[in-house]
2 protein chains.
Amino acid sequence: MIHRVLAADLPRHVGSRVRLAGWLHRRRELKSVSFLVIRDRSGLAQVVLREPAPYPEETVLQVTGTVVANPQAPGGAELAADPRAAGRPGAAEPAASGATEGPVPSSGTAGPLVEVLAEAVEPPPFDLYRPAVPAALPTILDHAPAALRHPRLRAPFEIAAAGVAGFRAALDGLHFTEVCTPKLVGTATESGANVFGVDYFGRRAFLAQSPQFFKQALVGVFERVYEVGPVFRAEPHDTARHLAQYTSLDAELGFVRDHRDVMAVLREALAGMHAAAAGRAGAALALLGVEVPEVPAEIPAVHFAEAQELIGRHTGEDVRGEMDLAPAHERWLGEWARREHGSEFLFVTGYPMAKRPFYTHPDTGRPEFSRSFDLLFRGLELVTGGERLHRHGDYLAALAARGEDPEAYAGYLAAFAHGMPPHGGFAIGLERWTARLTGAANVRQTTLFPRDLHRLSP
Amino acid sequence: MIHRVLAADLPRHVGSRVRLAGWLHRRRELKSVSFLVIRDRSGLAQVVLREPAPYPEETVLQVTGTVVANPQAPGGAELAADPRAAGRPGAAEPAASGATEGPVPSSGTAGPLVEVLAEAVEPPPFDLYRPAVPAALPTILDHAPAALRHPRLRAPFEIAAAGVAGFRAALDGLHFTEVCTPKLVGTATESGANVFGVDYFGRRAFLAQSPQFFKQALVGVFERVYEVGPVFRAEPHDTARHLAQYTSLDAELGFVRDHRDVMAVLREALAGMHAAAAGRAGAALALLGVEVPEVPAEIPAVHFAEAQELIGRHTGEDVRGEMDLAPAHERWLGEWARREHGSEFLFVTGYPMAKRPFYTHPDTGRPEFSRSFDLLFRGLELVTGGERLHRHGDYLAALAARGEDPEAYAGYLAAFAHGMPPHGGFAIGLERWTARLTGAANVRQTTLFPRDLHRLSP
């Protein structure tokens, strides 16, 4: 019985008999020898076989043989599938150890050199073995289950998984509690538009556009909460940035001084994401040629009004009085932050109240501005956050000022009737973070099975 | 400027001036002294004040004073809000440190002893300060944002958060990759019944009942994947066990020998959950008087047919030929496992194929039985899992045998056309795990804002 060894660990087993299991990534047949490249979750390994190997690419194989040093093979070693060295395969890698356990002595019984675990009955949509991806995005998305096997297409998701782990580790370290909140809600309070309707036992329900109201209410319970989960936006826009479902990394914390305490926590969360990406997804980053930028100990920040003035002074465009930043101006600010502060990140604070949701806390000194922020990552909005209102009376006043009926917000307001501390929070779009980090032009490249105006499968 | 100290850390600061911030949990006024119990995320602390404190419970307060040893106070110390010792409060706990930083010397400027951060304008639905919960479940659920502040009602969610962290840690250690899959799907393939319909840009979509098909397809990409996320069931049953949305801890792994390798990984995941609950949620467990049971190194397992025989022999009921286990028989098996094996857990393997989904792998020797399992935790099904079919031809045959049209499964089958290894997986219901662990009779007690046939808010 021979244990499975992962491709990346092959060089550690030179001279031993081992079993590889994976997909036939690439096959080359010469006159008297076949070269098989086997792909598994760890990488690629070469197998040399002194017989024909008439299997199409993506066939699932296990191969038993002796590990031989070969400077020209990936990692400096290859598997020689030699009948004299063959044992009987069939024993799985110990499932629960996860370790690439070393080889064990054979029982001496010869078995097949190459065993087909599953046939590939259709060719992949494009050659998965080519170093560059020879396909356009629609082809990739239409055939995602096969296409994502391409190492360059899989890599962003390994980085994303590491980033999420880093987000959680940072907030766990700050005594946050992870929560799971409903995605089915009875009222579309945050924004009436862009919401998906659900037939809920004959009633009308909606898919939550964010856990905003729940995470605020839970500040009253846990003080500090985070959630990693799907949010839903019925985005009628067909852009490279918008999806009908994405993964939101949400955090909310109580007993803040103002939005700056929220920004300090966001900085820690981002630093955790970047550290985890570098530490846990090094191979994926190297494959994509991506360097993880440093998150400054203090991320530079400019006030919205100051940002407008900077843009006016440097670009000659007069943007005073505008209530938001145009994408081109966000890009300009991103370049400015890199040039002036050596930072890929820039906080823009104090967005006008007119453009922020009703629960946003105004700036006490300048009530037309808010205690909110966006975080730009390389000139693109990655995070939105801020301090929220916390007094019940302030909510009633804010809704009245906007001509909204407090009755429609009764469930939301209930939490504030029972005493809520000053608090704030933020939401990071995971797919957007991964796209900015890896340089993907379209957020669909960093979403496993994206959903949008046109796409509901696979 | 005086830093915030958490209630649980008060005893470490005897003799120092500190600031507490939290909710007024309980107030008692004597002739010349007021006792305030302040609740924060860490626990409770007592404040002694030589003046009236006319605030209703749940008012959000910060109090500055000197920590004094008092064996009768919770933790052996209390805060004496003494004007001679007062500094100016207002500085927040350093938001991003999370540490309960020590006190710093005052500037000498006197400030208010007690500052109201937010008023409680309505009384809570019941007294949150009573050790036992003086309310029935419907009251608790109707008023969740306030009710969950009760330490006994909050505790299960601290245990759940720890359990999820342990699940991820165990699978991360086994080289699983975390994934995020769509909750909006175009076809209700797994089961036509109990599915929520969504209006998707004028088309019909459905909420995913599980990530089953995605996680299988992703075995082809990552070999080993897990997801923690919401799943949706339009359960028309009003029971203590069923919810319209719950949190599913899903895992799937490739290159398994059979379902036993899946069971071995599940054992590790559960052991991780139990270790993390004990290690990270000790205070919550102690409050509820819950001991975390050991997960045996090898969880006992009985085959379905053997289980039926045991039930028949011991209870006198003849259940042979039945295709499933009745809840009463699951309970009996749970007691049997505790008695015979000293285990709170029991695997029942080999359920009849007739009761398992089409993708279930049959037992090669006895094809009427499956390579699937349920895991009973204290006599209740907690986990379902098994080995899946992996060959494209086997899927076509399985669908044909059930009279299903393969065209309806085209998107699902695509992954298997490209070579999929032998694989299997499982799904743990998080709320159900927490309920079994804490002894909650109703899964709604371990769901933050449950959704069911009748309930869509708060």
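Student: Leaving aside neighbours within four places in sequence, which residues is His341(B) in contact with?
Tutor: This is a predicted model. His341(B) sits in helix H8 of chain B. Contact means heavy atoms within 4.5 Å. With neighbours within four places in sequence left aside, the contacts are Pro300(B) and Trp336(B).

Student: Is His341(B) buried, partly exposed or exposed?
Tutor: Buried means under 20% relative accessible area, and exposed means over 50%. His341(B) has 44% relative accessibility, so the residue counts as partly exposed.
That is the label: partly exposed.

Student: How far apart in space are His341(B) and His150(B), C-alpha to C-alpha?
Tutor: In sequence, His341(B) and His150(B) are 191 residues apart. In space, C-alpha to C-alpha, the separation is 37 Å.

Student: What length does H8 of chain B reach from its first C-alpha to its last?
Tutor: The helix covers residues 327-341, which is 15 residues. At 1.5 Å a residue, 21 Å is expected. The model comes close to that, with 20 Å.

Student: Which elements of chain B do the buried residues of H8(B) pack against?
Tutor: Start with the buried residues themselves. Among them are His329(B), Trp332(B), Leu333(B) and Trp336(B). They pack against strand E13, helix H7, strand E14, strand E15 and strand E16.

Student: How are H3(B) and H11(B) set against each other: parallel, antiparallel, perpendicular or oblique?
Tutor: Their axes come within 10 Å and cross at roughly 120 degrees. That makes H3(B) oblique to H11(B). Angles of 65 to 115 degrees count as roughly perpendicular, and those over 145 as roughly antiparallel. The answer is oblique.

Student: Which residues of H11(B) do those of H3(B) meet?
Tutor: H3(B) passes H11(B) in a right-handed crossing. From H3(B) come Pro156(B), Ile159(B), Ala160(B), Gly163(B) and Val164(B). In H11(B) they meet Leu430(B), Trp433(B), Thr434(B), Leu437(B) and Thr438(B).

Student: What kind of axis relates chain B to chain A?
Tutor: A rotation of 180 degrees superposes chain B on chain A, with 0.0 Å of shift along the axis and an RMSD of 0.0 Å. That is the relation of a two-fold axis.

Student: Which residue of chain B comes closest to the rotation axis?
Tutor: Judge by the C-alpha atoms. At 2.3 Å from the axis, the answer is Val198(B).

Student: Which residue of chain A is in contact with Ala205(B)?
Tutor: Ala205(B) lies in strand E10 of chain B. At 0% relative accessibility, Ala205(B) counts as buried. Its contacts within chain B include Val185(B), Phe196(B) and Val198(B). From chain A comes Leu456(A).

Student: What percentage of the residues in chain A are buried?
Tutor: Chain A has 11 helices and 17 strands. Its C-alpha trace spans about 85 × 55 × 40 Å along the principal axes. Of its 458 residues, the buried share is 60%.

Methods
Residues are numbered from 1 along each chain as its sequence is written. Chains are lettered from A and ligands numbered from 1 in the order in which they are written. This is a predicted model: local features need pLDDT of at least 70, side-chain atom pairs count only at pLDDT 80 or more; totals for chains, interfaces and linings use all residues. Side-chain values use heavy atoms; hydrogens and water are left out. Copies are superposed by least squares on the C-alpha atoms of residues with pLDDT of at least 70 in both. Helices (H or I, at least four residues) and strands (E, at least two) are DSSP runs, numbered from the N terminus. The expected span of a helix is 1.5 Å times one less than its number of residues. Buried means under 20% relative accessible area, exposed over 50%, partly exposed in between (1.4 Å probe, protein chains only). Axes are lines fitted to C-alpha atoms, for helices over the stretch in contact, and angles run from 0 to 180 degrees between N-to-C directions. Angles under 35 degrees count as roughly parallel, over 145 as roughly antiparallel, 65 to 115 as roughly perpendicular and the rest as oblique. A crossing is left-handed if the near helix is turned anticlockwise from the far one by less than a right angle, and right-handed if clockwise.
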